[in-house]
Amino acid sequence: MGSFGITLTSGAVMAISIVAVVYVAVITLFGGYFARFNKNINDFFYSGNRFSWWLPAASMVATGIGSYSYLKYSEQGYNTGMSSTMTYLNDWFLAPFFIFGWLPIIYFARIKSVPEYFERRFNSAARYIALTIILAYMFFYIGYNLYTIGVALEGMFQVSQLWSVPILAAFLGAYVTFGGQTAVIFTDLFQGVMLYIAGFLAIFAGIYALGGFDDWWSYLPISHRLPFVHLSENPKFNSAGLFWGEALAGSIAFTFMNQGFLMRYLTIKSVHDGRKAAFFNVMVTLPVSAIIVGAIGWIGKSLVVKQAVTGGALAGYDFVDIENTFHTFIVVCWTTVHQNPWVFGFIVAALMAALMSTIDTLINACAAIGIYDLYKPLIMPEASDEHYLKAARWASIITTVIGTVLVIWFNTQKGSLMSIHYKGIMIIIPAIVTTIFMGAFWKRFNSIAACVSMLAGSLITVITVWFPSPIRPLSWFLSGPLDGDFIYFRALFGMIITAIIGFVVTMLTSGKEDKDVTGLTIDTLDKAMSDYKDGGIPNHEVGEKVHGLNFQEKADTEKDWIELSQGSMDLLEAKDGDIVYLSDSRWWLGGLRSYHMKAKTNPALSDEEVAMSKETFEEAYFLEKYTLVAEKII
Amino acid sequence: MDQQSASAYKWWLMVPLFLVFAFFFPRLLANSLGPDNPWTSYLYLYGFGFFYTGSGLLLVTKTGACNFNRQRDLFWFKIVVGGFFYFAALHAVWIYLGLSIPYLGGQ
């Protein structure tokens with residue numbers, strides 16, 4: 001039984017299925033546990049903005065690797081070698097814009113969603129244009145991930161997508177619906193570990209089969225060892241196009257516009273910790289992930305070359321025959337683990353982990369937009385927290401259903417998985433990423449310009465699908481079939497057109513709008529920080545953390561305020577009214593039990609005491625038997 | 001022209017500067033090293049990348065988003081600059097090793 005380049009006995013199918021089903025069930029139960037940490041929709045979607053940097057950062061490992069990643073990048077790694085890492089290793093160029101610009105803006109302005117930013121920065125029309133484009137982007141990813149895993153399961157086990165996709169969607173929809181963002185983060189953390197273990201297991205088996213690291217490198221063609229492909233030779237995968245399409249448009253979309261990633265950053269306790277998470281993501285997570293998803297392709301290439309040089313299969317292994325390069329990951333793994341169904345089942349479970357960890361984030365993100373940008377402002381502006389929490393759960397269910405239905409549309413598309421992916425994304429993102437960029441970094445950019453540039457930029461980009469000749473001047477140096485030329489350069493074209501329209505309209509309509517955008521642009525961050533403190537002066541002095549604080553109940557302390565001794569305040573470098581983050585002393589909880597509060601001095605307290613009301617204490621999920629740690633935020 | 005307008009126009013001068021760079025830089029690379037040279041892709045990426053990261057750093061410092069009087073901003077500024085050179089060095093070493101270690105596949 002089986003195709004996808006491998007043959008499975010019914011016993012093997014049974015073993016693989018047991019591992020995969022047990023894995024999915026465990027994750028669903030684990031995620032469901034976190035339902036208890038959701039008292040309101042801020043908890044449900046943003047986990048109360050309480051986490052330490054490492055928890056969301058580590059959970060981003062799994063979020064960034066989709067079910068398509070292993071299949072797509074292994075294929076790319078087999079075809080072009082280590083240049084498959086290019087899309088993962090070119091994100092640093094954005095660092096100044098994100099670390100000093102976009103992250104502080106959304107954090108201090110307490111932005112809940114990108115469309116909300118558009119409303120506050122521009123107007124309602126801009127909000128709903130942005131919302132339409134962002135939902136198209138995210139639903140595209142949800143449908144695409146479900147479709148990819150459906151294709152893989154259908155290929156390996158002949159399980160119809162009609163069954164596999166809805167069943168998988170039901171499992172992951174269940175824990176997102178009940179557990180919210182906290183469940184997403186903790187399951188993604190678990191699944192990230194799972195992905196890395198399975199990935200390194202597959203890599204180790206492959207290197208071992210080859211006879212060691214030296215043999216792998218020595219039998220890898222020189223063109224496959226290089227970190228970059230030819231500048232312009234292959235229209236569908238070239239360094240120039242990847243820079244504009246991936247390093248700029250794609251990375252801006254992922255870090256500035258992807259509501260899922262944005263929400264992950266908004267769960268973090270401070271901008272400083274958010275910067276640490278961004279740093280970790282680009283410096284550690286992305287490079288390691290690039291190896292995990294692409295290495296099987298590099299190993300596959302070396303295996304095939306070594307087989308050709310030595311005249312047959314490697315000793316102790318079946319002959320590796322990769323007829324369809326899309327099957328590279330499955331064929332190489334199956335062969336190098338000696339066709340052990342239990343080990344292979346673990347690797348298939350990793351594929352599912354990649355799917356679940358990406359889609360759960362997107363479902364939660366789409367539901368957040370549904371609540372914050374549609375339901376709350378348009379349908380039910382005034383309702384209780386319980387009502388919105390219930391609505392958020394319904395929004396998660398509806399999102400899951402829409403994503404599942406989209407798989408039908410993906411099945412009607414022609415071309416490889418990679419070309420479907422890039423064609424779709426490179427059409428959707430250029431106009432909105434340019435508009436976000438201009439909005440955040442150019443104060444004069446106004447509402448009319450934002451709306452016109454988003455609409456006209458998107459429309460012109462879509463039109464180039466049928467009339468691509470205007471893109472030719474940008475991609476003049478590429479060769480190959482015409483339709484392939486424009487996968488990435490369409491994104492560059494869309495961004496340039498949108499920027500030109502935005503600039504011209506701003507100049508023509510300048511002075512016709514007098515909207516206060518203070519705190520929403522890069523040059524007004526000081527005011528944003530002050531607003532974040534309810535008008536207080538931002539305190540940027542860097543103090544120390546205060547450990548070992550014992551809770552003292554003080555009924556007359558205002559909610560969301562704490563009182564500390566003079567000694568503790570001095571150590572924190574804090575003044576009365578500063579925002580302080582108080583957390584459970586067990587660091588490994590990552591801030592699951594924590595809270596942001598305003599601090600004031602109480603000379604009557606000792607340096608080991610912190611006073612607050614019982615209500616504040618419970619809001620933070622603190623437990624009396626554990627001491628607390630205080631840290632000044634601003 | 002008020003101060004805000006003057007400042008905006010000054011920023012938009014970056015655009016023609018970039019267009020000139022974008023026009024000549026790939027041609028310079030193609031004519032000097034040739035499109036087949038592995039270092040051409042490297043220089044293309046880090047040439048445009050330097051322009052992009054550099055303009056970002058300039059923007060955040062000029063607008064006050066990165067303020068060296070804030071202790072942590074100076075730290076993160078150094079990290080951003082260091083990160084750029086870290087990736088550039090990593091890729092350079094990678095290309096060097098790829099080219100210098102013999103291939104046993106027989107081409």
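Tutor: Helices and strands here are DSSP runs, numbered from the N terminus: a helix is H or I over at least four residues, a strand is E over at least two. The model is predicted, so to speak of a local feature we need pLDDT of at least 70, and side-chain atom pairs count only at pLDDT 80 or more, while totals for chains, interfaces and linings use all residues. Residues are numbered from 1 along each chain as its sequence is written, and chains are lettered from A and ligands numbered from 1 in the order in which they are written.

Let's pick helix α6 of chain A, and begin with the chain around it. Chain A has 23 helices and 6 strands. Its radius of gyration (taken over C-alpha atoms) is 26 Å, close to the 26 Å from the globule rule for 634 residues, so chain A is as compact as a globular protein of that length. That rule is 2.2 Å times the number of residues to the power 0.38. Along the principal axes, the C-alpha atoms of chain A fill a box of roughly 85 × 65 × 45 Å.

A residue is buried if 20 or more other C-beta atoms lie within 10 Å of its own, exposed if 12 or fewer, and partly exposed in between, with C-beta atoms placed from the backbone. Two residues are in contact if these C-beta atoms lie within 7 Å. Buried residues make up 59% of the 634 residues in chain A. Among contacts in chain A between residues at least 6 apart in sequence, 83% join residues at least 24 apart.

Now for the helix itself. α6(A) spans residues 114-121 and is mostly covered, with 7 of its 8 residues buried. These are A:Val114, A:Pro115, A:Glu116, A:Tyr117, A:Phe118, A:Glu119 and A:Arg121. The cover over them includes α5 (95-108), α7 (124-157), α11 (239-257), α12 (259-266), α15 and α18 (430-441) of chain A.

A nonpolar core is a set of buried Ala, Val, Leu, Ile, Met, Phe, Trp, Tyr and Cys residues joined through C-beta atoms within 7 Å. In the largest such core, which has 243 residues, A:Ile134, A:Val433 and A:Val580 touch the most other members. Helix α15 of chain A (residues 341-379) provides the largest share of this core, 24 residues. As background, nonpolar side chains tend to be buried together in soluble globular proteins.

A:Glu75 counts as buried because it has 25 C-beta neighbours inside 10 Å. Its contacts, residues up to four places away in sequence aside, are A:Gly297, A:Thr325, A:Phe326 and A:Thr328.

The strands form a separate topic. Two strands pair if DSSP finds at least two bridges between them. In chain A, 6 strands close into a barrel in the order β1-β5-β2-β4-β3-β6, with mixed pairing. Strand β2 (residues 561-564) runs antiparallel to β5 (residues 609-612), joined by 2 bridges, and A:Glu563 has A:Ala611 as its bridge partner in β5(A). Between β2(A) and β4 (residues 594-601) of chain A there are 4 bridges, and these strands run parallel; here the partner of A:Trp561 is A:Lys598.

Lastly, the partner chain. Chain B has 4 helices and 0 strands, and buried residues make up 26% of its 107 residues. The contact between the chains takes 43 residues from chain B and 42 residues from chain A. On the side of chain B that touches chain A, α3(B) gives the most, with 14 residues. By class, that side has 26 nonpolar, 14 polar and 3 charged residues, where Ala, Val, Leu, Ile, Met, Phe, Trp, Tyr, Cys and Pro count as nonpolar, Asp, Glu, Lys and Arg as charged, and the others, Gly among them, as polar. Helix α3 of chain B also holds B:Gly49, which counts as buried because it has 20 C-beta neighbours inside 10 Å.
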